[in-house]
Amino acid sequence: MSNHCNEQKKTSIGGSALIEGVMMRGPRKMAMAVRKPDGEIDLTEWDLPVARPWYKTTPIIRGVFNFIDSMRDSYRCLMKSADIAGLEPEEPSGLEKKLMDLFGENLSKVFGGVAMVLGMALAILLFMVLPTLLIGQIRRLIAVPFLLSLIEAAVKIGIFVLYLFAISRMPDIRRVFEYHGAEHKTIACYEAGDELTPENAARHSRFHPRCGTSFILIVIIVSVLVFSLVSWDSLLLRIVLKLACLPLVVGVAYEIIKLAGRYNNPCTRAISAPGLWLQRLTTREPDLTQLEIAIAAMKPCIPENQDEDRW
């Protein structure tokens, strides 16, 4: 990114990569652009509520609700992008046919809800329950609670990095990560004040401090401090207390990443550095056609009042 980053605009517009597409969310609109099998761009726009409830604007509290909204919107758009991109559906099994008869048009919503719940359950199992159980086995050797928490955090980060490395080897996921890079480059191009063209966007960095990858890493780091206050006397009690503290961890991490995205100084650069490094796994250099998709999704989200989307 430019050396004049301090003078650049910091936008609140963000998004996520889809299957052959990109979703962007602005202050008043959300849009997704997907490349159809015939090469044309399918663009869908939604109006967003102007007024936001107090729990989505109050510091710390807003982090949990905005994170859930982001996850829900990203998953909904991801499923829709698969249909638009023309992925071949598998022949439904007998069970799926029965579920289709039972739920009808609502089946996709039911599947989506179940998939989100299972995904969150798997994340909790991998990054909270499993590390706690593993580190619980060495408590007889290490009796310092904070040191145990540091080791636990290292295990979490190790699992996270290995998971990202493994899925980044998959061709389909690599393609999605290219669109992730296109999303970041387009936002950086807009923040720099350059005209939104694929050629201009291509010159910008694919790494951005407000990325979801950075957010998850900050969540893990914040959890070290918060969970170090949770007792190791009972592993079951520790897991329960950690689940209870999770909203606080997410809320604090959300505020930290907002600060990191708003300012450019040695402190915020240090906070952003680990996440930016990790984006080497979750983003890939896009081509001009992928940047065209990201720009198509970005343009409807840009408000007429240029100050309305300031971060």
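Where in the chain is the place of Glu20? Glu20 sits in the loop between strand 1 (14-18) and strand 2 (21-25). The model is a predicted one.

**Positive phi in loops**

- Glu20 has a phi near 55 degrees, a positive value in a residue other than glycine.
- The relative accessible area of Glu20 is 21%. Buried means under 20% and exposed means over 50%, so Glu20 counts as partly exposed.
- Ile60 also has a positive phi, near 75 degrees, and is likewise a residue other than glycine.
- Ile60 lies in the loop between strand 4 (41-47) and helix 1 (61-84).
- With a relative accessible area of 33%, Ile60 is partly exposed.

**Nonpolar cores**

- The largest nonpolar core holds 22 residues. Ile13, Val22, Met24, Leu196 and Met298 have the most contacts inside it.
- Four elements each supply at least two residues of this core: strand 2, strand 3 (29-35), helix 5 (171-191) and helix 10 (288-298).
- Helix 10 gives the largest share of this core, seven residues.
- A second core is separate and has 13 residues. Phe215, Val226, Val249 and Ile257 are among them.
- As background, nonpolar side chains tend to be buried together in soluble globular proteins.

**Met298 in the largest core**

- Met298 belongs to helix 10 and is one of the residues with the most contacts inside the largest nonpolar core.
- Its relative accessibility is 0%, so Met298 counts as buried.
- Leaving aside neighbours within four places in sequence, Met298 is in contact with Ile13, Met24, Thr186, Ile187, Tyr190 and Leu196.
- Among these partners of Met298, Ile13, Met24 and Leu196 are also listed with the most contacts inside the largest core.
- Ile187 is 111 residues from Met298 in sequence. In space, the two are 7.9 Å apart, C-alpha to C-alpha.

**Helix 5 against helix 10**

- Helix 5 and helix 10 pack at an angle of about 55 degrees, and their axes are 8 Å apart. That angle makes helix 5 oblique to helix 10.
- The crossing of helix 5 with helix 10 is right-handed.
- From helix 5, the contact residues are Arg175, Glu178, Tyr179, Ala182, Glu183, Lys185, Thr186, Ile187 and Tyr190.
- From helix 10, they are Gln290, Leu291, Ile293, Ala294, Ile295 and Met298.
- The residues of this contact divide into nine nonpolar, two polar and four charged.
- Thr186, Ile187 and Tyr190 of helix 5 take part in this packing, and each is in contact with Met298.

**Helix 7 against helix 9**

- Helix 7 (residues 212-227) packs with helix 9 (residues 266-282) at an angle of about 125 degrees. Their axes are 8 Å apart.
- Helix 7 is therefore oblique to helix 9.
- Helix 7 and helix 9 make a right-handed crossing.
- The contact of helix 7 with helix 9 has six nonpolar residues, five polar and no charged.

Conventions:
Residues are numbered from 1 along each chain as its sequence is written. This is a predicted model: local features need pLDDT of at least 70, side-chain atom pairs count only at pLDDT 80 or more; totals for chains, interfaces and linings use all residues. Side-chain values use heavy atoms; hydrogens and water are left out. Axes are lines fitted to C-alpha atoms, for helices over the stretch in contact, and angles run from 0 to 180 degrees between N-to-C directions. Angles under 35 degrees count as roughly parallel, over 145 as roughly antiparallel, 65 to 115 as roughly perpendicular and the rest as oblique. A crossing is left-handed if the near helix is turned anticlockwise from the far one by less than a right angle, and right-handed if clockwise. Ala, Val, Leu, Ile, Met, Phe, Trp, Tyr, Cys and Pro count as nonpolar, Asp, Glu, Lys and Arg as charged, and the others, Gly among them, as polar. Buried means under 20% relative accessible area, exposed over 50%, partly exposed in between (1.4 Å probe, protein chains only). A nonpolar core is a set of buried Ala, Val, Leu, Ile, Met, Phe, Trp, Tyr and Cys residues joined through side-chain atoms within 4.5 Å. Contact means heavy atoms within 4.5 Å.
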